[in-house]
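The following exercises concern the fold of one protein and the setting of one of its residues. Each task is followed by a worked solution.

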Amino acid sequence: METTLTLSSRVLKTENVNWRDFKFIQQDSFKDLDPDAAHRLKASILANNFTQPFYVWEVPENGTIFCLDGKHRTLMLEQLIKEGHTVPYLLPATFIHCENKKEAAKLVTIYSSIYARVSQKGLFDFMKEYELDFTELKDQMDLPEFDMLEMMEMLNPTDAAATQAAEARSSLQEKFIIPPFSIFDTRQGYWMDRKRKWIAMGLESEDGRPEELFMAKSGQSSGIYNLRNRMREATGQDPSWDEILKEAKKRGLHVYTGTSIFDPVLTEVVYSWFNIPGGVILDPFAGGSVRGLVASELGFNYIGIDIRPEQVEANIQQAMLLGAKQAEWITGDSSQLNELLPESFRADLIFTCPPYADLEVYSDLEGDLSTMEYDEFLKTYQQIIKQSCGRLKDDRFACFVVGDIRDESGIYRNFVSQTIEAFLESGMLLYNEIILINVAGSLPVRVGRQMANSRKVGKMHQNVLVFYKGDSKKIKENFPEIEVKEMSENA
Ligand SMILES: C[S@@+](CC[C@H](N)C(=O)[O-])C[C@H]1O[C@@H](n2cnc3c(N)ncnc32)[C@H](O)[C@@H]1O
């Protein structure tokens, strides 16, 4: 509810004063009187004489009278005198009570003349001089064709820049889902809102994973995996997840128990920006169902390959449940991709998130990249990239979401650069590199110890690498305007 005020009159009196003694708070440049308006003012004075008093403020201490409204009228009167007209020196003025000059200055800004117009520059200089608050006064002023944002920026650069940036961002969202910058910030409200809407459509990614994999999700630190490897070496047997948990607790290692799914907003953005309408997506390391389900929902055809039959089965079930007809999965080892796909198969987009070496171990199947020594992993990974790129049509994109990993001594392996290298060797061009900022999750719990002990900063980003095959000049002709899917909360 608006607060109620007790209003009072600040009009003191109206009496005749010598207008030639007026002083002015504002500079001449404050208001413009264009020749047309000057002509109208003159014509009106000559025809109607004086029908309106001046507004003035008298300084009580010294009797100086500041004219708050009527400057151009006094200028015009001087002109009329020069032209030979007879003008009385005493004319009516209405005296307004003001506490001080700043308060009087405020009234100067809000009295609007029907002839003279405030100039943007004039008002700016005036506001600066009297330290007036534009945000407070702008609603009371008759500001003609002012660029309000520009004015606010002139007077208060940081606020206006922020408003402008917010407005620009929301129009970028309307056009592109998220602002097309080299940073994807999954912590932002617009990202989280959209993610919630996708999840509300029934996305579930992890069905296919056995309980221990379900728990050992990507939030897990490599310390947990090192621990598991050491336990395995010590006993010659795979420890159960419960045993790992117990051991981890004893050693004070943080265990991530939350679950996550592959980001549907990231998926939607990549498909909408880098696929042609209705194009075919190839995913050589499918994992969960999200990338297939989002593809189908957006009208793309998707084919995902994963080495784990239980994951593929779960994805197919999930797609049936949601009626996602355009998503398909094949069980197989992508290093045999050429044998798995019909000879005629060609994709319009490659999109995947490969195993980050052995950061998460997915199975003990032969051929599962996550079980390999790093050298072998890299060789097989390069072969899979080469075969996938071979199945991509010309003038199309490929996108890999990757994150660097550390070796046993804690040194980064440079996996991101090695992925880029593998693509360049497969004849693709590096086209965009985007940093995907992840939510901090359990990082704040883990980062203190890791920083204190070994100066490792907490990694909360991944890299979204976008490659292109063919002639980049053809992008405009092949990739039409981006269509943004309307999504409701209860989709
Ligand atoms: C990083 S995961 C992708 C999962 C994704 N992050 C998600 O949650 O949806 C990589 C996937 O590659 C699969 N994979 C590992 N080696 C493979 C191979 N040689 N051929 C096909 N899939 C393989 C694993 O089973 C795992 O599901």
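**Exercise 1.** State how many helices and strands there are in the protein.

*Solution.* The protein has 19 helices and 15 strands; helices (H or I, at least four residues) and strands (E, at least two) are DSSP runs, numbered from the N terminus. This is a predicted model, in which local features need pLDDT of at least 70, side-chain atom pairs count only at pLDDT 80 or more, and totals for chains, interfaces and linings use all residues. Residues are numbered from 1 along each chain as its sequence is written, and side-chain values use heavy atoms, with hydrogens and water left out.

**Exercise 2.** Determine which strands stand at the edges of the open sheet of five strands.

*Solution.* Step one: the order is E1-E6-E4-E5-E2, with mixed pairing; two strands pair if DSSP finds at least two bridges between them. Step two: E1 (11-18) and E2 (23-24) each have a single partner strand, so they are the edges, and one side of each is left without a neighbour in the sheet. Step three: within the sheet, E4 (residues 54-58) and E5 (residues 65-69) pair in the antiparallel sense over four bridges. Glu58 has Ile65 in E5 as its bridge partner.
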